[in-house]
Amino acid sequence: MNMTSLEGKTAVVTGGSRGIGRAITEAFLRAGADVVVNYNKTPVDELKALAAELGRQLVDVQADVSQTADCERLIEAAMSTFKKVDVLVNNAGITRDTLLMRMDEAAWDAVIATNLKSVFSTCRAAVKPMIRARAGSIINISSVSGIMGNAGQCNYAASKAGVIGFSKSLAREVAARGVRVNVVAPGFITSDMTDGLDEKIREKVLHEIPLGRFGQPADIANAVLFLASDLSGFVTGHTMVVDGGMAM
Ligand code: NAP
């Protein structure tokens, strides 16, 4: 048996329309999973075409993950179509960067609701069927900012550190029921989120990456695939840093 295969599994991915989430969805489809992919504003037509080409089922669900009812509707969509959730990836995330002195309450609330409260909402809905099945793998996407801190990202770093504490606690709650909960903490990954950054900042960051390059969305998807598959069957409560060595 190929242990990296997700054949016969159902995965839910939030924020799958662009960047890292899209790469994760693609990796899951190629590994044989059927996927319930969430987007907020960007339709996922190309992923639908890929799924059809590969003979996989892909269900797309428009939902704003900062809203608890939307998160519950997302998990319900998976349950009504596939009757199970084997893998849940909380990837959707936003930045509203500015120094704390200038940060308004709206920038704090939006980042916490989208990056952290969403993880609470989807996990709370998904652990019930996972516990019933005595199986499941949850992967939450954090960031090296949540480990190292980053000037201009008090809201974002707090949300991403929160994801790590949340995941370790949930891992302890559900381990005896066969459900694993892990975190992937990306470093600097090329995507719409980082494309807008000033060239000077990009150069400075590049200097701090021992492997000498920015990460690609596929670098994160590979780590997520490992944590989703049976290859990582003895791994739970872990934060896997995928950053070219930046945070060590
Ligand atoms: P991105 O290119 O900006 O894509 C963000 C994705 O999240 C999009 O698919 C977007 O969907 C979705 N999203 C945003 N708000 C949403 C909401 N309220 N409800 C549902 N979906 C929503 O970002 P990325 O670089 O791929 O980042 C993905 C994750 O990795 C995030 O959690 C981010 O914090 C984390 N991360 C990224 C980096 C990096 O260097 N890029 C580093 C560390 C951690 P729509 O387009 O449909 O709105």
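**Loops, pockets and pairs**

Reply: Let's start in a loop: Lys 83 sits between α3 (68-82) and β4 (87-90). Helices here are DSSP runs of H or I with at least four residues, strands are runs of E with at least two, and both are numbered from the N terminus. This is a predicted model, in which local features need pLDDT of at least 70 and side-chain atom pairs count only at pLDDT 80 or more, while totals for chains, interfaces and linings use all residues. Residues are numbered from 1 along each chain as its sequence is written, and side-chain values use heavy atoms, with hydrogens and water left out.

Me: What is the phi of Lys 83?

Reply: Lys 83 has a positive phi of about 65 degrees, although it is not a glycine. Most residues other than glycine have a negative phi.

Me: Is Lys 83 buried or exposed?

Reply: Lys 83 counts as exposed because its relative accessibility is 60%. The cut-offs, with a 1.4 Å probe and protein chains only, are under 20% relative accessible area for buried, over 50% for exposed, and partly exposed in between.

Me: And what about the phi of Arg 134?

Reply: Arg 134 is not a glycine either, and its phi is positive at about 55 degrees. Arg 134 is in the loop between α4 and β5 (136-141). With a relative accessible area of 53%, Arg 134 is exposed.

Me: New topic. How much space lies in the largest pocket?

Reply: About 1500 Å³. A pocket is found on a 1 Å grid over the protein atoms alone, as an open set of points with protein on both sides within 12 Å along at least five of seven lines; a cavity is a set of points where a 1.4 Å probe fits but cannot get out, and lining residues have an atom within 4 Å of a point. Grid points are joined across faces, edges and corners, and a volume is the space filled by probe spheres set on the points.

Me: Which residues lie nearest the centre of the largest pocket?

Reply: Ile 94, Thr 95, Tyr 156, Met 193 and Thr 194, out of 49 lining residues. Elements that each supply at least two residues of that lining include α1 (19-30), β2 (34-39) and α6 (154-174).

Me: How does that lining split by class?

Reply: The lining of the largest pocket has 19 nonpolar, 21 polar and nine charged residues. Here Ala, Val, Leu, Ile, Met, Phe, Trp, Tyr, Cys and Pro count as nonpolar, Asp, Glu, Lys and Arg as charged, and the others, Gly among them, as polar.

Me: How many cavities of 30 Å³ or more are there?

Reply: One. The largest cavity holds about 50 Å³ of space. Helix α4 (residues 105-133) gives the largest share of its lining, three residues. Among the lining residues of the largest cavity are Thr 14, Asn 90, Ile 141 and Lys 160. By class, that lining has four nonpolar, five polar and one charged residues.

Me: Now charges. How many salt bridges does the search find?

Reply: The search of the whole structure finds 12 salt bridges. A salt bridge needs a side-chain nitrogen of Lys or Arg within 4 Å of a carboxyl oxygen of Asp or Glu.

Me: Which partner does Arg 56 have?

Reply: Arg 56 pairs with Glu 7, and their closest N and O atoms are 3.5 Å apart. Arg 56 is in the loop between α2 (45-54) and β3 (58-62) and Glu 7 in the segment before β1 (10-13), so the pair ties together parts that are 49 residues apart in sequence. Arg 56 is partly exposed at 25% relative accessibility, while Glu 7 is exposed at 52%.

Me: And where do Asp 70 and Arg 73 lie?

Reply: Both are in helix α3, three residues apart, about one turn of the helix. Asp 70 and Arg 73 form a salt bridge, with 3.5 Å between the closest N and O atoms. Asp 70 counts as buried because its relative accessibility is 16%, whereas Arg 73 is partly exposed at 36%.

Me: Last one: which helix holds Val 224?

Reply: Helix α9 (residues 217-228). Val 224 counts as buried, at 0% relative accessibility. The C-alpha atoms of Val 224 and Phe 28 are separated by 9.2 Å, though these residues are 196 apart along the chain.
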